[in-house]
Amino acid sequence: MSQLREPAFDRVVALVLRIGAFSCFFVMLAGLIARLFTKGHIPVEIERAGVLLMLATPVVRVIVACYLFFHENDRKYGFISLGVLVILMLGAVFGIGEH
Amino acid sequence: MVSVLLVVLGFFAGLLGALTGIGGGILLSPILALHFGIPIRQAIGTSLVAVITTSAASSSVHLQRHTTDIRLGMTLELATAFGAAVTAYLVGYFNRSALEGLFAAFLLYSSFTILWRGGKVKPEEALAAEANGKQNGGQFAIPAYEPQRYPLGLSMSLVAGALSGLLGIGGGPIKVPLMYIFMKVPLMVATATSNFMIGVTAAASAMVYYRRGDILVEIAAPLAVGVFLGSLLGARLAPRIHNRHLAYLLVAIMLYLAASLLIHLFRGGWA
């Protein structure tokens with residue numbers, strides 16, 4: 001079970017994380033550069049997009065893994081991934097209005 | 001300009017984190033709180049973004065070496081994500097002094113564990129395996145194993161997650177020994193899998209912090225940019241540098257930060 005490794009599975013999940021990390025880096029960098037040229041809200045909103053992209057990356061990683069597990073008919077781990085996804089979503093909902 | 005300072009701070013925290021194998025995130029929150037005048041709760045929320053960035057970048061490397069047990073990681077994430085989301089929510093009701101005290105205690109604990117192991121932050125087996133992997137063209141021989149004691153693993157993961165949501169740290173110092181010693185997972189797999197889990201664990205709490213307004217975007221962005229660059233460079237240098245002095249430097253910084261937090265706490269500086 002756990003000791004079985006599927007190289008393709010690892011590669012897809014690694015790709016998701018890499019795309020997330022790099023795109024977030026470039027968006028945040030763009031925000032920092034924008035700060036040099038403009039004042040006001042625009043740079044902060046770009047940076048906010050970068051932060052949200054970073055928060056979304058692990059969620060996307062769970063969704064992709066969930067899909068891959070169900071795709072391989074590995075239902076047990078498909079449902080476990082689904083459970084992790086539900087917890088993540090609950091976390092996002094719980095904080096609302098807690099300012 | 002404060003942003004430049006934050007990029008530099010993130011860079012060195014990321015570099016030191018990648019070189020010593022201890023997440024640089026543990027340094028960021030106290031430095032933000034002590035030297036940038038940011039309330040500790042916001043400091044924790046803000047450095048969580050940097051923690052997720054590091055985890056995503058470094059675990060993509062581990063995944064490509066096929067040393068991550070995604071199934072085990074996903075299972076334990078049920079517990080870490082839940083624990084992290086719950087404490088992240090509860091932190092809203094914590095007073096500042098309690099958080100500062102807890103953080104100082106955790107910094108002291110981490111320093112003493114490194115000192116106790118004589119400055120060896122990377123276990124020897126991992127170093128041997130790294131060298132071995134290089135000889136075999138990046139392929140790592142991992143012995144067959146079956147994770148044991150899931151109930152214990154899940155309950156200790158709950159604690160690791162709770163601590164992560166509370167202090168904005170990755171919780172590696174709990175998860176790695178848990179998987180290695182109690183669940184009988186090879187050390188290399190335990191390290192990679194712990195790293196893999198940090199992203200989801202931190203995201204579960206970061207979303208709660210974000211919703212509460214405890215992630216300061218203008219601080220998080222330059223910090224994460226610096227951490228990203230620092231950990232990329234650190235990951236490149238790490239196989240070539242086995243410097244014990246770096247671990248002691250990390251310990252010195254952690255002890256300094258713990259002492260500063262405690263001094264502020266007893267003076268009632270921020271209350």
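1. The loop at A:Asn73. In this predicted model, A:Asn73 sits in a loop of chain A, between α2 (41-71) and α3 (75-94). Look at its backbone. Phi of A:Asn73 is positive, about 60°, although the residue is not a glycine. Most residues other than glycine have a negative phi. A:Asn73 is also exposed, because its relative accessibility is 64% and the cut-off for exposed is over 50%.

2. Chain B has a case to set beside it. B:Lys184 has a phi near 60°, a positive value in a residue other than glycine. B:Lys184 too is found in a loop, between α8 (172-182) and α9 (187-212) of chain B.

3. The make-up of chain B. Chain B holds eleven helices and zero strands. From the N terminus on, the elements read α-α-α-α-α-α-α-α-α-α-α. Of the 271 residues in chain B, 56% count as buried. Now take contacts between residues at least 6 apart in sequence: in chain B, 84% of them join residues at least 24 apart. The chain exposes about 10,600 Å². Carbon and sulfur atoms supply 67% of that area.

4. A buried valine. B:Val49 belongs to helix α3 (residues 40-64) of chain B. Is B:Val49 buried or exposed? It is buried, with a relative accessible area of 0%. Which residues does B:Val49 touch, not counting residues up to four places away in sequence? From chain A they are A:Met28, A:Val51 and A:Met54. From chain B they are B:Ile215, B:Ala220 and B:Ala224. Check one more distance. B:Val49 and B:Ala202 are 153 residues apart along the chain, and their C-alpha atoms are separated by 8.0 Å.

5. Aromatic pairs. A search of the whole structure gives nine aromatic pairs over all chains. One of them is A:Phe25 with A:Phe26: the ring centres are 5.1 Å apart and the planes stand at 70°, so the pair is edge-to-face. Another is B:Tyr89 with B:Tyr93. Their centres are 6.2 Å apart and their planes are at 75°, so this pair is edge-to-face. Such a pair is described by the distance of the centres and the angle of the planes.

6. A:Phe25 is buried, at 7% relative accessibility. B:Tyr89 is partly exposed, at 26%. B:Tyr93 is exposed, at 56%. There is also a cluster to find. A:Phe22, A:Phe25, A:Phe26 and B:Phe228 form one aromatic cluster.

7. Arginines over rings. Where does B:Arg71 lie? It lies over the face of A:Tyr77, at 5.4 Å from the ring centre. B:Arg212 lies over the face of B:Tyr209, at 5.0 Å from the ring centre.

8. A nonpolar surface patch. Which helices each supply at least two residues of the patch? They are α1 (7-37) of chain A and α1 (2-20) of chain B. Take A:Ile33 as the example. A:Ile33 lies in helix α1 of chain A. Its relative accessible area is 42%, so A:Ile33 counts as partly exposed.

Methods
Residues numbered from 1 in each chain as written. Chains lettered and ligands numbered in written order. Predicted model: local features only at pLDDT ≥ 70, side-chain atom pairs only at ≥ 80, totals over all residues. Heavy atoms only, no water. Phe/Tyr/Trp six-rings, centres within 6.5 Å; stacked < 30°, edge-to-face > 60°. Buried < 20%, exposed > 50% of the residue type's maximum accessible area, 1.4 Å probe, protein only. Lys NZ or Arg CZ within 6 Å of the ring centre and 35° of its normal. Helix = DSSP H or I, 4+ residues; strand = E, 2+ residues; numbered from the N terminus. Contact = heavy atoms within 4.5 Å. Areas by Shrake-Rupley, 256 points an atom, 1.4 Å probe, with all protein chains shown as cover.
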